[in-house]
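Student: Please take a close look at the pocket lining in this model. I would like one connected account of what forms it.

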Amino acid sequence: MKKTILSIIFVGCMLLGCKSKTDKTEETRLPRIAIAGIGIESSTFSPAQTHEEAFHARIGDSIFSRYPFFNAGTAIRKRAEWVPTLLGKSLPGGIVTREAYESMVKKTLKMLKENGPYDGLFFDLHGAMSVVGLQDAEGNLIKRVREVIGTDVLISTSMDLHGNVTKTLAEHSDLITCYRMAPHEDALESKARAITNMLDRLESGKGKPKFKAWVPVPILLPGEKTSTRIEPGKSLYAKIPAIEQLEGVIDAAIWMGYPWADEARNHGVVVVTGDDKEQVTKAAENLAKAYWDVRKEFEFVAPVATLDESLQLALASEATPYIISDMGDNPTAGGAGDVTWTLRELLNRPEFKSETGPSLIYASIPGPELIAAALKVGLGGKVSAMAGAQVDDRFAPPLKLEGTVTAIREGDRDAKVEVVVKIGSISVIVTDKRKPYHQEADFTDLDLNPRESDIVVVKIGYLVPELYEMRGDWIMALTPGGVDQDLERLGYENIKRPMFPLDKDMKDPDLSARLIKSSNQLN
């Protein structure tokens, strides 16, 4: 009887064209997925402009080395046939020139066109890229990508929570998610989630989510007030995992938006994707309401004061190192990185005039002229040259630095060349190109020991993990620059109003979910 049944099944399969397990069939074919992205956080309140070389664009297989989960033999790498095209990632900075943007976009589109077709696209963005002449750079980019790869391809977009999500970006992204931690300790985890969500949908045959709920939230706050290390950000983002586990929900995300660009898209957003309309809609509205309800509870992640007050506290403290965040010119938020205002104030302080004064490390100031002079005189030589304010001289002019060269280091990816100049008891790090100083090795590579310094002044907002763990104490100084923390001083003209906290007494907004069409349903 068993043999008879097997014979019937065999004959039936022959007639119907069934495939054996050993055949290379469409069912066993790995999905073909492209990789692309252009990312930067760019301030429109800075006079700086960002050019193409700042993106250090990777082409083709060189992209894989940026992501540990794409290493040969990893689970993600094995689950698809990957087609890396162009990935450009820049340090935060000023608005991107149109020439730089168009050049990278055209290269990306050309590679996508030449290497198609695709089942999916991993789209790695930041979400706060401003481009000369555009009001929604990422929206423009994804629309142009769609014109090349088609509307049926599954796009999974990964973003920074300080990015912006317009309706256009939400329409053309089938899956979209962002980081859930600030500082962004989960950046790679979030990118991997964007990829695995896409792979799961492709492998299961479910494809595009049936529903995407998008809720704009009229809140615009600096990242230094929305850290997930403290409340209310900590509890707000802690709501997401439970929502993710709901039947019919794929992903939920909260974007805080980017406050240092004057564009209509800059505000908070919630997006939830899934196949259950009621669950997706309810989850999005609940998250948006939770965000709105705690809007007045957001505070700076650390004490905030003027620079003078910060220095008084640092000088009186026995905790070392006492870290002062020079926030207004933070290059990792979009500042030019070359504002000399804070350094000028430090050099004028009598406490630091003598070599025996309190030790202070200042990181950092660009100064190509000083770099050239230091390379000429060498280690131990005396140098006198100008530095800073080549880009942003609104608050202080270029500064003459006169001191002894104590370190020279060449070949840094961002700084190119780094020099340490000792002036009194201050060790000033001067760079050829701007560079943020986030890791202990950034200092020790220059023969500086930040742990033993009395004071460390860093152009940053909230401290990244290594600096945070290193701190003896910490304060954030309200200094001037292109990413001024006092948003009311910026002079917005294009953001949507009313907007909290600029309009503190605004009425409660409409936080109902807008169900966004899929790209293949657009007219």
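Tutor: Helix H6 contributes the most to the lining of the largest pocket, namely three residues. This helix spans 187-204, and helix H14 (465-470) likewise supplies at least two residues of that lining. The model is a predicted one. In total, 44 residues line the largest pocket, and those nearest its centre are Leu91, Pro92, His184, Thr332 and His438. Sorted by class, this lining holds 19 nonpolar, 11 polar and 14 charged residues. The pocket's volume is about 1400 Å³.

The second largest pocket has about 650 Å³ of space. Its lining is made of 24 residues, with Gln49, Glu53, Ala54, Lys433 and Arg434 closest to the centre. Strand E3 (49-50) and strand E6 (93-96) are the elements that give two or more residues to this lining. The class counts here are seven nonpolar, eight polar and nine charged residues.

The nonpolar cores complete the account. The largest of them has 96 residues, and the members that touch the most others are Phe123, Val165, Trp255, Val270, Ile429, Phe443 and Leu467. Helix H9 (residues 277-293) gives the most to this core, with eight residues. Apart from this core lies another of 33 residues, including Ala305, Leu343, Ile426 and Val430.

Note on methods. Residues are numbered from 1 along each chain as its sequence is written. This is a predicted model: local features need pLDDT of at least 70, side-chain atom pairs count only at pLDDT 80 or more; totals for chains, interfaces and linings use all residues. Side-chain values use heavy atoms; hydrogens and water are left out. A nonpolar core is a set of buried Ala, Val, Leu, Ile, Met, Phe, Trp, Tyr and Cys residues joined through side-chain atoms within 4.5 Å. Buried means under 20% relative accessible area, exposed over 50%, partly exposed in between (1.4 Å probe, protein chains only). Helices (H or I, at least four residues) and strands (E, at least two) are DSSP runs, numbered from the N terminus. On a 1 Å grid over the protein atoms alone, a cavity is a set of points where a 1.4 Å probe fits but cannot get out, and a pocket is an open set with protein on both sides within 12 Å along at least five of seven lines; lining residues have an atom within 4 Å of a point. Grid points are joined across faces, edges and corners, and a volume is the space filled by probe spheres set on the points. Ala, Val, Leu, Ile, Met, Phe, Trp, Tyr, Cys and Pro count as nonpolar, Asp, Glu, Lys and Arg as charged, and the others, Gly among them, as polar.
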